[in-house]
Protein chains: 2
Amino acid sequence: MSAHTVKFDTLSQAVQVPTGTLLSEAAMQAGVEITQPCGGQGRCGRCALQVVEGTVRRRSTLRLSQEDIDKGFALACQSVVEGDISVVVPPQEKIERLLTSDRTVAEVSVPAGYNFRLDQPIQRVRVSMTPPDMSDQTDDLSRFKTALRQQAGIEDIRVSLVQLQKIAEIFRQEDWRVTAILDAYTWDQPDAPPRLIAVRPGHEFNDEPIWGAAIDIGTTTVTVWLVDLVSGQVRAQVAEYNQQISRGEDVVSRIIFANKNGGSEHMRNLVLDTINQLLDQACKRIKADRPVTPRDIVKASVVGNSTMIHLLLGIPAENIRLMPFVTTVNQTPTLLAEKVGLEINPDGTVDCLPGVASYVGADITAGVLSSGMDDSDVVNLFMDVGTNGEIALGSNEWLATCACSAGPAFEGAGVQFGMRATKGAIEEVWINSETLEPTYRVIGGVKPRGLCGSSLISLLAEMFLTGIIDKGGNFDTNLGTARIRQGAHGGEYVIAWGEETADGRDITITHVDVDNLLRAKAAIYAGFTVLADSVGISLDLVEQVLIGGSFGKYINVEKAIEIGLLPDLPWERFQFLGNTAVKGAYRALLSRSARQRVRDIAARMTYIELSADNTFYEAFMSALFLPHTDLSRFPSVEAAILKQGSSQ
Amino acid sequence: MSAHTVKFDTLSQAVQVPTGTLLSEAAMQAGVEITQPCGGQGRCGRCALQVVEGTVRRRSTLRLSQEDIDKGFALACQSVVEGDISVVVPPQEKIERLLTSDRTVAEVSVPAGYNFRLDQPIQRVRVSMTPPDMSDQTDDLSRFKTALRQQAGIEDIRVSLVQLQKIAEIFRQEDWRVTAILDAYTWDQPDAPPRLIAVRPGHEFNDEPIWGAAIDIGTTTVTVWLVDLVSGQVRAQVAEYNQQISRGEDVVSRIIFANKNGGSEHMRNLVLDTINQLLDQACKRIKADRPVTPRDIVKASVVGNSTMIHLLLGIPAENIRLMPFVTTVNQTPTLLAEKVGLEINPDGTVDCLPGVASYVGADITAGVLSSGMDDSDVVNLFMDVGTNGEIALGSNEWLATCACSAGPAFEGAGVQFGMRATKGAIEEVWINSETLEPTYRVIGGVKPRGLCGSSLISLLAEMFLTGIIDKGGNFDTNLGTARIRQGAHGGEYVIAWGEETADGRDITITHVDVDNLLRAKAAIYAGFTVLADSVGISLDLVEQVLIGGSFGKYINVEKAIEIGLLPDLPWERFQFLGNTAVKGAYRALLSRSARQRVRDIAARMTYIELSADNTFYEAFMSALFLPHTDLSRFPSVEAAILKQGSSQ
């Protein structure tokens, strides 16, 4: 097999690759960052590069115009190197730094009655040993164990090689007075002796912090909370985009990418980088005499959907994507931080909270834990509407769950001007029912760049109630406003004219966008109706609707009901819980009983597979309208339509 | 700090080192192998290099003549680089390949009644799982655990991340029919669920081997036995010099070397290299359809003295050398092979057998195990005379042990023509009492190069009984033979004239050599007499003298008694057991009960510290004569002296 030279304009050195190498692989080998939101499936067109010398074989040119192709543009993930080439790398989409502003920092209070000594499996033990002499040549470890037994009543401990390598020096440096940090609970071996995690100099004070981390690996955003396990307080909150985004925006794209040669290791490193940088960032926020570093963290509690957990652990995720959609593991054992790759204390451990199924992961069990619905006397509906839509229904007596592949439309994907809820996103829209002119609010108060989830819901509702679109989502272009027009993708509505926007382009919502949003909302609505039906509960009986996920936090319940995304229940039954996933991880980090409880939740939850028969599909088809085929399910919306109609 | 160039004649590239770097460090950095038998203490003079351009600062010139110094010779471990230099590396002493001939291959029989299923903690379990479908989306791990429970009655298992990363693929490739290899015993957690070590394709046959390794890390020689755990048979035996020899011949030199910057890691790598190469070599000896590789080994049982175990595990050994001579750990937990650095199955485990004290290590407890003395009705004396002399005394009712720093004289160190028992070593010497002419036998039947332990004992005895030396070890130069002469080191006896020898030099034994040998034998004899005294036993009550160690295997009991190395007991009470250390490791590898038994041995052994008072010193001084100050302790020798005297 012959080798070819690939020269990227952004690098001084060319790379050598064998015939048949994908251009994206050559780029990765050269260290050139190429955005691949669809995971290298050739679907999104965002990895296009310009081949200016030589040619490549294009397996697919989807999303490239003939003009693009004539200029040499080729999809990096779909083009094969078969000769020497020179490549120009267009500016890549930059992933903006997350604003850890009020939009991501949560108010958290320490659970009532939290008691470090009683609840926390991590223990701090001070011991003083008698130094050895010629009449007592007991080995260091036995001496230490004897002191633990006599001075703290600890019968035995487990010790790693790393600790054995360190104790001789610290015992002698500290005149045989040390503080031991022990971990008394691993859930695969709850009754095993405590593990020694660290030996620290001298006798520590009671209030000296012992650090733990609660980590939520979202498909889009990774959140880390740094927790003082002694007081139970969250001392720093940080969040950042999951670096895996550049290799796929949704879980399926990521699984596809990970399944390619070397992809799994690459994906793993991307998320580990994200987490480790966040841990570092969180530690730097702590003001203390001695700087806190990630190595001081002795315990991590991790949540995420099943794909995120598999990718984090380097476990093949392919079977999550393929029928019959099976994970390799829902409940991982307690793992050593070093094995996972978290750069905390290498003897610290990582508990990945348990998931239930391929598409109901630890983020949901953690959400249920933090919502408290598993302990509630009444029927609760819990929803986490992120990139996927996961739903749980139940009470302290029973729990059922399902996942509906809503797709990431409400996160801005599949919507032409869709974007995440960051600076420049229009977050709320109102449409005047007479003039059909919109009013909007932009995050950060700058010129708008696009539309985030909350404004998409508002838009759908407003357009529907003002008659811009009908219940099938079709635009009425005969309303006498320039804002409704025929675009490249059919009918569209202009929210902001070019002169108002950041890049001078009109911001619109198109017929295709509306279709995607309808499908997403229909999937979610169908999800919880089928779930309720399958357990024989009427939705009216739901006393509380608990909405988790950062998306949920900013939606307008009224509008969401108007489009048929949420059930038509009194508004006071809705509660927005914010990032319930990280809150659940935090609860589990604090106590043995919470960790046991989340396992019980995972074990108790009956998983309903929506794709097992036609029930879901039928419910989905019925929900593809605004608000629903069966308007009687939405009496409040029916009333609003009537009112709107009579006022016109 | 300025940098200097150091150019070694054996390398094309020079290295840069900062001012103050030791020449030996520069050599190591450059990758030049320098022999350092004394561990870099400047005592042995074997690391001398010739500085031919530039100069070095010599901190010590011990063992260098003025002529050497004038020629530029400098001790690498004692010379400091302070400018650019060019260095000539003299040919370094080569460590010869061990002959794994009849001298090292032991006859081993599988312990009577060994039963894989009952005795061996490693288990082989075949399971067939029902494949998942849309009506059963159980995760792979739970499916596997269910099959283990239903088909093999195994309630739970512990699973590592490495295994979790592998199971999805192998389950599907093998149509859900696999063989699991489990380890049901770790001695720090004897009641924990079995650990999954490997998942193998399909259903293995009952007689398919499962590989384990018994490893003895001697200060001089590392021995590896490859064992089929199913049949219990030792299928390959290999041995090689411990590569650490180049950094110190005795444990103290090695500890000193390891305590230097980077020395510990270096020492660890040297012994790991030795072991890993041996494992590879052992595997290659197995003839099978599918080649056996070290990765197929699922369990290793390791013995060695406490220093060797500390160095293997990267645990600082410095406190073994310093008063009050304390190890960091005598009983290590069961360790993951990957953590130890053994290149076997990374989920395989390593049990380092327990030691008792700094100078009574796992080699002795293993020796006691394999000798069976802990289960004997009569009083046994067990000796392992290697580089150190370790002694155990006792029966099934009590056990006592001590260590006497005999020094490595009987291994050839500290003796001018001393060498190890390899090709070219004189292994036996007889001296004609009338002519005082010697007869000798050489290993390998070649021209002699030196004297190994067994011939040194013979020589001492023969020289003493023929009057060449008196009971104080002084040469009688008035016996009218050219073989007894005055040499550079006082009186000496010529065993082989230059024309008979490999390098043309006379092979002699000198007064200094005799002194060193006397001290070594006195230490050993004093050791077991003090040990017997301390437990209130007369040596006459010893029914069996069990001699372990490769040294012991070839000594002549009669001669050893004649010089007062062994107690004067009837010859039939002596048994030579060969390498009892590796035999003990092998026993422990085979069964849970043997592993428990060696722990009991370590716990039961009363350690007597000989340097705690003057008793040992006085006994040592009395034993510095041939055979002893108190001749009545050696009636058979007294008789021989009388007979010899009357025949002259």
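## Reading the model

Residues are numbered from 1 along each chain as its sequence is written, and chains are lettered from A in the order in which they are written. Because the model is predicted, local features need pLDDT of at least 70 and side-chain atom pairs count only at pLDDT 80 or more, while totals for chains, interfaces and linings use all residues; side-chain values use heavy atoms, with hydrogens and water left out.

## Two copies and an axis

Let's start with the overall arrangement.

## Where the chains meet

In the interface, 43 residues of chain A are in contact with 43 residues of chain B, contact meaning heavy atoms within 4.5 Å. About 3,600 Å² is buried between the chains, and carbon and sulfur atoms give 60% of that. Buried area here is the accessible area (1.4 Å probe) that two parts lose on being put together, summed over both. On the side of chain A, Met134(A), Gln137(A) and Leu161(A) lose the most area to chain B, together 18% of what that side buries.

Two salt bridges are counted between chain A and chain B; a salt bridge is a side-chain nitrogen of Lys or Arg within 4 Å of a carboxyl oxygen of Asp or Glu. Glu338(A) forms a salt bridge with Lys339(B), with the closest N and O atoms 2.4 Å apart.

## Salt bridges within chain A

Over all chains, the whole structure holds 48 salt bridges. Asp136(A) pairs with Arg143(A) in a salt bridge, the closest N and O atoms being 3.1 Å apart. Here Asp136(A) is partly exposed, at 25% relative accessible area, whereas Arg143(A) is buried, at 6%. (Buried means under 20% relative accessible area, exposed over 50%, and partly exposed in between, with a 1.4 Å probe and protein chains only.)

The salt bridge of Arg200(A) with Glu204(A) also has its closest N and O atoms 3.1 Å apart. Arg200(A) is buried at 15%, and Glu204(A) is buried at 9%. Asp630(A) and Arg633(A) form another salt bridge, at 3.6 Å between the closest N and O atoms; Asp630(A) is partly exposed at 33%, and Arg633(A) is partly exposed at 37%.
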